[in-house]
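Work through the following exercises with the sequence and the model side by side, trying each task before reading its solution.

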Amino acid sequence: MLSSLTLSLIVFAFATLAIIFAGTRLARLADELADRTGLGEALFGVLLLAGITSLPDFAATLSASLDARPDLAMSNAMGSMAVNLLFLGVADIIYRKANLEHAAASSANLTLATLLIVLLTLPLLAIISPSMASWGVHPITPVIVGVYLFGLHLVYRARTKPMWFPRLTSQTVPDRPELHYQGRSSVVWTRFVVLAAITALAGWVLMEAAKVIADQTGMSDTLVGGVFTALATSTPELVTTIAAIRYGALTLAVSNIFGTNCFNMLVVAAADVSYPGGSIYNELSTVQITWGLVSILMTAILLLGMVRRETYGIGRIGFESAMILSVYAVALGIVLANG
């Protein structure tokens, strides 16, 4: 689709701006629809907003997989998960009233974080296992889909019939729906769908530009996918999370990140199904394990932060946020060093 490096860089930049434009507006609509539907911020963030903000990742990863570029596809998916978790640390810095994980405490978010750790281990097991595939698909791929669906059931139960409740403090911001909205729900849903389509199309175009950039600059697919496209396709998560914090929808902000990462595991499964050369896991370089392990480590640190619920840390930043920022910086250095 693209041939010159200059044109590809311009298209890459405009696609990124389109993703940012749509993402900033999705958060406000998501908060309103969460109230209108009665799902609440946590469930809406998992069931709908996470899927919408993952559309650029889905389109970009699928494009690279269909083009038989496994490291570019998987680096984008895995790198995006680490970037998304990094954004929670950034969001904690922006939210100055208290530690974000303290203020947005909910059983649904704890369930989501635990589910993500389980899901992240599955592709890593597939990568290190002996080469195998049935009809071109690794046996672990349907397991990922099954675990994701069962996890959604657990999240729903945690939201609707919780077995425990976080202790309410003066800094806790509970998910209380606003009941009075003007206008029809159909108009809000239409705008939501249009913005979702924009993010998906921009994600596909962005990956087409990234392929040319990788080819003509000599940078590896792992570096381009894990750093540049991962950052670009993850911008919806950043802008929707920050926007949700501005609107006071803290539970939505946290559940969007964890929910998006869980949904991204379906993106990994789709990459395996669409890869034309058998199972994609059999073609990956070992650096993909690095991104997976880093994402597990960052999720576990954030899970500890949500359980500990530190009110304030040094500089009014939670200890978990400082740790995940450090972990990502080290991981980024490792990937850059490996080219």
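**Exercise 1. List the buried residues of helix H10 and decide how far this helix is enclosed.**

Solution. Begin with the residues themselves: in H10, Thr-235, Pro-236, Glu-237, Val-239, Thr-240, Thr-241, Ala-243, Ala-244 and Ile-245 are buried, where buried means under 20% relative accessible area, exposed means over 50%, and partly exposed lies in between, with a 1.4 Å probe and protein chains only. Because 9 of the 12 residues of H10 are buried, the helix is largely enclosed by the rest of the structure. Before going further, note that this is a predicted model, in which local features need pLDDT of at least 70 and side-chain atom pairs count only at pLDDT 80 or more, while totals for chains, interfaces and linings use all residues. Residues are numbered from 1 along each chain as its sequence is written, and side-chain values use heavy atoms, with hydrogens and water left out.

**Exercise 2. Compare the spans of H10 and H12 with their expected values, and say what follows each helix.**

Solution. Helices here are DSSP runs of H or I with at least four residues, as strands are runs of E with at least two, numbered from the N terminus; the expected span of a helix is 1.5 Å times one less than its number of residues. H10, residues 235–246, reaches 17 Å from its first C-alpha to its last, close to the expected 16 Å. H12, residues 287–308, has 22 residues and reaches 32 Å, close to the 32 Å expected. Next look beyond the ends: just after H10, Gly-248 takes a positive phi of about 85 degrees, and just after H12, Arg-309 takes a positive phi of about 55 degrees.

**Exercise 3. Is Ser-295 buried or exposed, and which residues does it touch?**

Solution. First place the residue: Ser-295 lies in helix H12. With a relative accessibility of 0%, Ser-295 counts as buried. Then, leaving out residues up to four places away in sequence, Ser-295 touches Met-78, Met-81, Ala-82, Leu-85 and Leu-120, contact meaning heavy atoms within 4.5 Å.

**Exercise 4. Work out how H3 and H4 are oriented, and which residues meet between them.**

Solution. The axes of H3 (residues 55–66) and H4 (residues 70–94) come within 7 Å and cross at roughly 160 degrees; axes are lines fitted to C-alpha atoms, for helices over the stretch in contact, and angles run from 0 to 180 degrees between N-to-C directions. Angles under 35 degrees count as roughly parallel, over 145 as roughly antiparallel, 65 to 115 as roughly perpendicular and the rest as oblique, and H3 and H4 are therefore roughly antiparallel to each other. At their contact, Asp-57, Ala-60, Thr-61, Ala-64 and Ser-65 in H3 meet Leu-72, Ala-73, Asn-76, Ala-77 and Ser-80 in H4. Finally, turn to the loop between H3 and H4, which holds Ala-68. The phi of Ala-68 is near 60 degrees, a positive value in a residue other than glycine, and with a relative accessible area of 41% Ala-68 is partly exposed.

**Exercise 5. How many aromatic pairs does a search of the whole structure find, and where do the partners lie?**

Solution. The search finds 3 aromatic pairs, counting rings of Phe, Tyr and Trp (its six-membered ring) whose centres lie within 6.5 Å, with planes under 30 degrees apart called stacked, over 60 edge-to-face and the rest tilted. One of them joins Tyr-148 and Phe-263 edge-to-face, at 6.4 Å centre to centre and 75 degrees between the planes. Tyr-148 lies in H7 (residues 140–160) and Phe-263 in H11 (residues 250–274), so this pair ties together parts that are 115 residues apart in sequence. Both Tyr-148 and Phe-263 are buried. Trp-189 and Phe-192 form another edge-to-face pair, 6.0 Å centre to centre with 80 degrees between the planes. These two residues, Trp-189 and Phe-192, are 3 residues apart in H8 (residues 185–217) and are separated by about one helical turn. Trp-189 is partly exposed, at a relative accessible area of 29%, whereas Phe-192 is buried, at 3%.
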